[in-house]
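This report goes through a few features of one structure, from its aromatic rings to its charged side chains. Keep the sequence and the 3D view at hand while reading.

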Amino acid sequence: MRRVRYESRGGPLFVEETPLPEPGPGELLVRAEAIGVTLPAVRKVTEAAEPGPLGGEIAGEVVAVGEGVTRFGSGDRVTGLCFGHGYADFALLHEAMASPVPADASAVDAVALVRSGLVALGALEAARPEPGESALVTAAASGVGHLAVQLARTRGAGRVVGAVSDPAKADFVRGLGADHHVITYGDDSWGTPVDYALDAVGGELLTPALAALAPGGRLVAYSSGGGTVQAYDLLVGAKSVIGFQMARIARGKPELYEQWREELWRLFAAGELRPVVHGEFALEDAAKAHGEIEGRSNLGKVVLIP
């Protein structure tokens, strides 16, 4: 089978032939039909000191199962998060991280919706939104952000403000349900303050995102970009910053994880949540797929098709 690897920080990415892996206890061997490309995977290549497997979201058909697997069998269609080599024709997926793909959904729908949607929905839940409150979503055109904009609307947000890196993305974000005024990160003013913010960028953007909160506002940080917040900025406006990590929910609250997955598919089936795919790339073009995310040019999800 083929898989994508790299041997040094920064790449290059290349495709190699390797034997088919065998599922261990609790694992599924999945023939991948779609693979989601994420910012953490891109940063792993560009920033990690040592090269490692490129994992991430996969969706496809189960072809074999390991000892102890009870929920799935050969022929089942599943999606989930792969922690090993996920950029490949076949990947190993732990049963606990897998969920079924509905018959009326494609593998591309699954990788565009489930993992990114779980992060978006989890960040939104962490903000404790009340009907009628206003929301700010940074990276609003990204794989997670474009779903967060829509989910904020489904939870009754009275105003949803999108923040993007390029004004050319404004029409896309408005088409998802954001209000007319879409913010560009370099704008001097981010407009009328909001009740809560979902921040996927971090770094230097934390300061203006925090300043965009109304008194008592909540900022949920779920970015791997880091950043520093001044305690006085929280004190003076009685604001709060909440860190959110999806892995903590997956490991510690599996029943909530499953509840959120079911909610995403329900909204998808009802037409209330529409995952958008920016582009589909072959495994051999994984570097181009990473480039779309590195260059912040994607509108929605970037997907690899083996």
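## Aromatic pairs

W265 and F268 are both buried. The model they belong to is predicted. The two residues lie in helix α8, three residues apart, which is about one turn of the helix.

The structure holds two aromatic pairs. One is formed by F244 and W260 and is tilted, with 6.5 Å from centre to centre and 50° between the planes. This pair links distant parts of the chain: F244 is in the loop between β13 (240-243) and α7 (246-252), while W260 is in helix α8 (residues 254-269), 16 residues away. F244 counts as buried because its relative accessible area is 12%, and the limit for buried is under 20%. W260 is buried too, with a relative accessible area of 6%. W265 and F268 form an edge-to-face pair, at 5.5 Å centre to centre and 85° between the planes.

## A patch on the surface

Which residues form a nonpolar patch on the surface? They are Y232, L235 and V236, and together they have about 380 Å² of accessible area. Y232 lies in helix α6 (residues 231-237) and is exposed, with a relative accessible area of 56%.

## The sheet

Six strands form an open sheet with parallel pairing, in the order β10-β9-β8-β11-β12-β13. β10 (183-184) and β13 stand at the edges with a single partner strand each, so one side of each has no neighbour in the sheet. Strand β8 (residues 134-138) and strand β11 (residues 194-199) run parallel and are joined by three bridges. The bridge partner of L136 in β11 is A197.

## Salt bridges

Side chains of opposite charge can pair when their charged atoms come close. The count of salt bridges in this model is 14.

| Salt bridge | N to O distance |
|---|---|
| E33 and R31 | 3.4 Å |
| D171 and R174 | 2.6 Å |

R2, D89 and E284 are linked in a network of salt bridges. E284 is partly exposed, at 49% relative accessible area.

D171 and R174 are three residues apart in helix α4 (residues 170-175), about one helical turn. D171 is exposed at 58% relative accessibility, whereas R174 is partly exposed at 27%.

How values were computed. Residues numbered from 1 in each chain as written. Predicted model: local features only at pLDDT ≥ 70, side-chain atom pairs only at ≥ 80, totals over all residues. Heavy atoms only, no water. Phe/Tyr/Trp six-rings, centres within 6.5 Å; stacked < 30°, edge-to-face > 60°. Helix = DSSP H or I, 4+ residues; strand = E, 2+ residues; numbered from the N terminus. Buried < 20%, exposed > 50% of the residue type's maximum accessible area, 1.4 Å probe, protein only. Patch = residues over 30% accessible without salt bridge, like charges linked within 9 Å, V, L, I, M, F, W, Y side chains within 5 Å. Areas by Shrake-Rupley, 256 points an atom, 1.4 Å probe, with all protein chains shown as cover. Salt bridge = Lys/Arg side-chain N within 4 Å of Asp/Glu carboxyl O. Pairing = 2+ DSSP bridges.
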